[in-house]
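User: I'd like to learn how to read a predicted protein model. Can you walk me through it feature by feature?

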Amino acid sequence: MHTVKHNYTTEPEPLKCIGRIESRELRFSRAMVFAIEEINNSTELLPGIKLGYQIHDSCASVPLTMLVAFQLSNGLEPVFYTGNNCSQSGVVMAIVGESGSTPSISMARIIGSFNIPQVSHFATCACLSDKQQYPSFFRTIPSDQFQADALAKLVKHFGWTWIGAVRSDSDYGNNGMASFLQAAQKEGICVEYSESFYRTHPRNRIQRVADIIRRSTAMVVVAFVASGDMRILLKELSHRPSPPRQWIGSEDWVTNPDMLSFRICTGAIGFGIQQSVIPGLREFLLDLSPTKVAASPVLTEFWENAFSCRLGNGATINKSVCNGTEDIKILQDPYTDTSQLRITNMVYKAVYAIAHAIHNAMCKDTNSTAQCDKLTRIKSKQVLTQLKKLNFSKNGDDVSFDANGDPVAKYELVNWKKSESDSIEMVTVGHYDASLPEGQEFSINRNLMWVEGGTQVPVSVCSDSCPPGTRKVLQKGKPICCYDCISCPEGEISNATDSPDCFPCPEELWSNAERDTCLSKPVEFLSFDEILGIILAVFSVAGACLAIFIAAVFFHHRSSPIVRANNSELSFLLLFSLTLCFLCSLTFIGVPSKWSCMLRHTAFGITFVLCISCVLGKTIVVLMAFKATLPGSNVMKWFGPAQQRMTVVSFTFIQVLICTIWLGLSPPFPMKNLILYKERIILECALGSAIGFWVVLGYIGLLALFCFVLAVLARKLPDNFNEAKLITFSMLIFCAVWITFIPAYVSSPGKFTVAVEIFAILASSFGLILCIFAPKCYIILFKPKKNTKKKIMNKN
């Protein structure tokens with residue numbers, strides 16, 4: 001590129017077009033002529049009034065577009081049709097064009113001040129919907145805002161969250177891509193790169209964009225690019241093999257038949273303007289003879305380029321003189337291709353929109369006929385006003401404009417597919433209608449072909465989806481689509497794909513191993529079905545049976561000296577209480593209930609006090625018996641059977657009273673312990689009042705300590721069979737068990753707390769029964785010779 005410098009002393013050279021004529025643009029201009037001639041021959045639309053026209057080639061150049069806009073605004077052009085008596089020669093009522101957004105913007109800024117309506121067939125920039133800046137601009141093609149929204153929904157529909165983006169460095173590309181990126185962000189789509197370029201940029205700029213596409217990790221590339229720019233980019237990508245890319249195209253290039261020659265875009269998809277049929281247009285386009293062509297410089301240039309010959313005299317080195325055998329009907333060129341009339345139909349509708357606006361301003365419809373005042377001089381502002389209110393149908397299409405001058409957005413979803421002949425063809429595979437309710441605008445009714453002719457939807461994500469049971473953790477310094485999948489911690493779940501957070505399970509539920517479902521927590525308690533419960537239950541029953549067996553032995557030998565000498569009444573009461581002690585441990589096993597919780601603690605407290613009271617009574621009797629043998633002592637009269645019974649009842653009553661108060665104020669109750677273990681529920685008995693529990697336990701310990709002290713005092717009394725020694729051993733074991741019980745009870749978790757309590761009950765009970773009764777049973781059963789009064793009294 002080079003910059004033209006003006007010295008302002010000489011008139012600059014006139015602006016000229018550079019490059020070849022575009023056949024498709026020529027078809028657009030010829031379609032306008034066709035529509036005007038069709039209207040001029042109509043008896044319903046503008047009857048008796050002829051529309052004139054001028055066609056200017058802007059060459060996609062802003063300076064040329066502005067030059068033409070000023071010329072049309074001045075109203076100094078000659079009459080449109082020479083030879084006719086026109087009433088408004090040279091007055092411009094409206095303008096059809098431009099094809100590009102940037103030239104259209106330049107034109108709209110100029111003619112908007114003159115209230116000249118401009119109806120574009122191909123300028124899609126969303127910026128042109130701003131009526132404050134472009135008050136007289138209309139278009140028959142939808143705004144890029146609708147296309148951008150549709151493209152974002154299309155990308156989301158196929159699950160692509162990691163894409164590349166390229167755009168034309170023009171109003172069309174920049175505004176269109178800005179709208180798309182905004183819509184994509186709302187859909188949760190991330191963009192790896194966003195690059196712009198223009199056809200006139202240096203080649204190294206184009207190469208840089210191509211290299212970025214090659215190196216990227218995004219499989220999908222969204223290209224909001226004009227056809228001329230896209231052709232240059234694709235040529236650059238074709239020079240070196242590029243990784244396969246799924247192209248998503250804007251309407252400008254993805255529906256341009258000229259672009260189908262680029263095979264690297266096989267499988268490309270995008271939105272195109274709806275196809276239409278214009279009756280008679282193909283015949284009109286092909287109705288070109290050398291005479292007609294020679295009358296138009298534009299048609300002459302097209303003809304000579306299409307057939308590589310020169311009209312008239314003067315052959316050149318590269319071109320011979322056209323010999324008249326050239327047949328446009330067999331020419332394969334975008335000009336003659338009417339198989340997919342998309343933008344051409346937009347031109348056709350634009351001309352008819354202007355014609356209807358003029359008709360509404362000049363004519364009155366009465367019944368089935370229209371009468372037009374040929375002498376009425378209307379102004380472009382009247383046409384502008386009528387365009388805003390326009391609503392008609394043509395070839396099955398409704399034509400109207402909203403407050404922004406935009407039509408209803410309807411698109412076809414097109415896909416570049418390989419045909420049986422291995423050529424690339426454009427196939428309609430779905431539709432998009434922005435007027436439909438949210439979520440129903442988009443539909444696909446045919447199978448798509450993907451990149452490199454594949455049938456499977458390509459994957460384009462920065463990170464694979466996080467399955468249920470995990471949560472997304474964003475990677476530092478990267479977009480939100482790049483993340484790591486972290487497993488949910490214990491007790492929390494995520495039951496959806498790509499969950500940003502894990503959610504804690506309710507208190508009584510816990511997460512499964514996959515962390516995607518909350519399951520009921522396993523309930524734990526000391527059960528009769530488990531080994532520990534069975535062992536403790538067996539020992540409990542065995543202890544009770546042992547106590548009953550000893551009671552039976554004692555009862556059978558109740559008249560023997562050893563039984564009579566050991567206070568048989570207290571012995572039987574002690575055996576009864578020990579039996580209850582063994583059996584009360586069974587209440588600690590099984591599912592805690594309201595009654596079992598109250599029973600287990602109170603029964604344990606009362607039976608043990610009864611047991612210790614009996615032992616205490618026996619200890620006191622031993623001591624008093626020795627005192628009674630001293631001369632002058634009459635102490636035994638105070639410790640007879642009645643006093644012994646009263647002692648036992650009194651001590652036991654105190655414990656009963658403590659338990660009653662405990663049960664009355666704050667009794668034990670069943671509870672679910674959800675704190676000790678997070679992953680399971682412990683069924684246990686809460687103490688209700690911890691003070692009550694420790695008072696019950698403390699009272700037992702106080703009696704045991706008192707009994708132990710008395711037994712120690714009586715341990716050396718002179719007897720062959722000294723029961724005080726046996727009581728001392730039993731109480732020593734009892735106290736040792738319960739002293740170690742307290743820290744073990746406090747520190748044991750869950751069901752083991754109950755097991756420790758049962759073990760303490762059983763250990764202390766077995767200690768008492770074995771220490772006190774085992775020696776006696778041994779003598780009764782195995783050493784009957786020692787079961788004599790002499791042996792007991794140690795008198796030889």
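Analyst: Let's go from the overall picture down to single residues. This is a predicted model, where local features need pLDDT of at least 70, side-chain atom pairs count only at pLDDT 80 or more, and totals for chains, interfaces and linings use all residues. Residues are numbered from 1 along each chain as its sequence is written, and side-chain values use heavy atoms, with hydrogens and water left out.

User: What does the pLDDT average for the protein?

Analyst: pLDDT is the predictor's confidence in each residue, from 0 to 100. Here the average is 85, and 91% of the residues score at least 70.

User: Where is confidence lowest and where is it highest?

Analyst: The lowest mean, 60, belongs to helix H22 (residues 789–793), while strand S3 (residues 137–139) has the highest, at 97. There is also a stretch, residues 78–83, where pLDDT stays under 50. The model has 13 contacts for that stretch beyond four places in sequence, a contact being heavy atoms within 4.5 Å. Where pLDDT is low, the predicted coordinates should not be read in detail.

User: How many helices and strands does the protein have?

Analyst: Helices (H or I, at least four residues) and strands (E, at least two) are DSSP runs, numbered from the N terminus. The protein has 22 helices and 26 strands. Its radius of gyration is 53 Å, well over the 28 Å that the globule rule gives for 796 residues, so the protein is more spread out than a compact globule. That radius is taken over C-alpha atoms, and the globule rule is 2.2 Å times the number of residues to the power 0.38. Along the principal axes, the C-alpha atoms fill a box of roughly 170 × 60 × 55 Å.

User: Which peptide bond is cis?

Analyst: Most residues other than glycine have a negative phi, and most peptide bonds are trans. The bond from Gly97 to Glu98 is cis, with omega near -5°.

User: How do I compare separation along the chain with distance in space?

Analyst: Look at C-alpha pairs. Ala552, in helix H14 (residues 531–556), is 229 residues from Leu781 along the chain, and their C-alpha atoms are separated by 12 Å. Ala704, in helix H19 (residues 690–713), is 439 residues from Cys265, and those C-alpha atoms are separated by 96 Å. Ala704 is buried at 1% relative accessibility. Leaving out residues up to four places away in sequence, Ala704 touches Ile612, Met731, Phe734 and Cys735.

User: Is Lys186 buried or exposed?

Analyst: Exposed, at 69% relative accessibility. Lys186 lies in helix H5, and its C-alpha is 9.9 Å from that of Asp149, 37 residues away along the chain. Tyr53, in the loop between H1 and H2, is partly exposed, with a relative accessible area of 26%. Tyr53 and Ile95 are 42 residues apart in sequence and 9.3 Å apart in space, C-alpha to C-alpha.

Note on methods
Buried < 20%, exposed > 50% of the residue type's maximum accessible area, 1.4 Å probe, protein only.
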